[in-house]
Amino acid sequence: MNIDTAYTLNNGIKIPVIGLGVFRSPVGEITRNAIQHALQAGYRHIDTAKIYANEGDVGVAIAESSIPREEIFVTTKLWNDDQGYDAALRALDESLARLQMEYVDLYLIHWPVDELRLQSWRAMEQAYRDGKALAIGVSNFMKRHVTELLDNCKIVPAINQIELSPFNYLYRKDTIDFCLEHDIEIEAYSPLTKGRKLDDPNLLKLAKKYTKTPAQILIRWALAHEFIVIPKSTNKQRIIENISVFDFSISQEDIEFLDGLNENLVTGWDPTDVR
Ligand SMILES: NC(=O)c1ccc[n+]([C@@H]2O[C@H](COP(=O)([O-])OP(=O)(O)OC[C@H]3O[C@@H](n4cnc5c(N)ncnc54)[C@H](OP(=O)(O)O)[C@@H]3O)[C@@H](O)[C@H]2O)c1
């Protein structure tokens, strides 16, 4: 991937459009190797979280690579147990210690579950001012949560990271449109549906048409919508496959066809009803 294949966030920070996700990448060598493979393949963006328990491996893999820290975009997330002003600041310091880094490129509130989330956001703003996070954002925030935040924040979140694929795009369209209206970029997690829909007949048909794999069709679909996309793999060939998507594009007609595959799919936990 060309490292310039990046979007500019609302505070001027650049984010590479494809990142390596490491949710359920096991602690230890497997994750460290996956990151090395990814960096060799041209990825410059890693998405971790405290709850994934592999921030330490992300830090070691980046430190052991020959790539300067400032060329790699690192995201981590504030876990639910750490919500609240003081707890959130402490949690970021602990994440930074595990990552062996002085800053993360992006710090996200992982879920909107806690009534302390607005206090957490004040801590995120402080971390941003302190230079410990170059950008701050949220994850799994639905339109209602983003509205509440915009009504109460000093710094507008740079990103909302939500589950997105053709199988749930229309389900999330109101949140997506609202975020984009407010200059909040959308980051698509579980873009490969955790593998669940990779043998969907409609997807297979398009993969055949473009002589690409179903995973590549899903990643290219996300890019067509200008979402940042963070597929996870620990397999070297699939890590390479998932970033080998810059030599084709999908026609507008086929993008609309993919959009129509919506079935409100949620592969994790659905934040729709969180108050
Ligand atoms: N903010 C949140 O709440 C949240 C929630 C979920 C995920 N995320 C982030 O988003 C990232 C991606 O989501 P995800 O891990 O849930 O799922 P995903 O990326 O949709 O799918 C990962 C699964 O697909 C397989 N896979 C990867 N590339 C493939 C390919 N080219 N062909 C066939 N199978 C392939 C992987 O297996 P192998 O590893 O064996 O290749 C793994 O089983 C996470 O790692 C995490 O960083 C965030």
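A crossing of two helices is right-handed if the near helix is turned clockwise from the far one by less than a right angle. In this predicted model, helix 3 and helix 4 cross in that right-handed way. The salt bridges number 12.

- Strand 7 (residues 133–139) runs parallel to strand 8 (residues 159–163).
- Two bridges join strand 7 to strand 8.
- Val 138 stands opposite Asn 160, which lies in strand 8.

**Helix 1 with helix 2**

- Helix 1 covers residues 29–41.
- The axes of helix 1 and helix 2 come within 9 Å and cross at roughly 45°.
- That angle makes helix 1 oblique to helix 2.
- The crossing of helix 1 and helix 2 is right-handed.
- Helix 1 brings Thr 31, Arg 32, Ile 35 and Gln 36 to the contact.
- Helix 2 meets them with Asp 57, Val 58, Val 60, Ala 61 and Glu 64.
- By class, four residues of the contact of helix 1 with helix 2 are nonpolar, two are polar and three are charged.

**Helix 2 with helix 3**

- Helix 2 and helix 3 pack at an angle of about 45°.
- Their axes lie 7 Å apart.
- Helix 2 is therefore oblique to helix 3.
- On the helix 2 side, the contact is made by Glu 55, Gly 56, Val 58 and Gly 59.
- On the helix 3 side, the contact is made by Ser 95, Arg 98 and Leu 99.
- The contact of helix 2 with helix 3 has two nonpolar, three polar and two charged residues.

**Helix 3 with helix 4**

- Helix 3 spans residues 85–99, and helix 4 spans residues 117–129.
- The two pack at an angle of about 45°, with axes 7 Å apart.
- This makes helix 3 oblique to helix 4.
- Helix 3 contributes Tyr 85, Ala 88, Leu 89 and Leu 92 to the contact.
- Helix 4 contributes Gln 119, Ser 120, Arg 122, Ala 123, Gln 126 and Ala 127.
- Six residues of the contact of helix 3 with helix 4 are nonpolar, three are polar and one is charged.

**Salt bridges**

- Side chains of opposite charge can pair when their charged atoms come close.
- The model has 12 salt bridges.

Definitions and conventions: Residues numbered from 1 in each chain as written. Predicted model: local features only at pLDDT ≥ 70, side-chain atom pairs only at ≥ 80, totals over all residues. Heavy atoms only, no water. Axes fitted to C-alpha atoms, helices over the stretch in contact; angles between N-to-C directions. Helix = DSSP H or I, 4+ residues; strand = E, 2+ residues; numbered from the N terminus. Parallel < 35°, antiparallel > 145°, perpendicular 65-115°, else oblique. Contact = heavy atoms within 4.5 Å. Nonpolar A, V, L, I, M, F, W, Y, C, P; charged D, E, K, R; others polar. Pairing = 2+ DSSP bridges. Salt bridge = Lys/Arg side-chain N within 4 Å of Asp/Glu carboxyl O.
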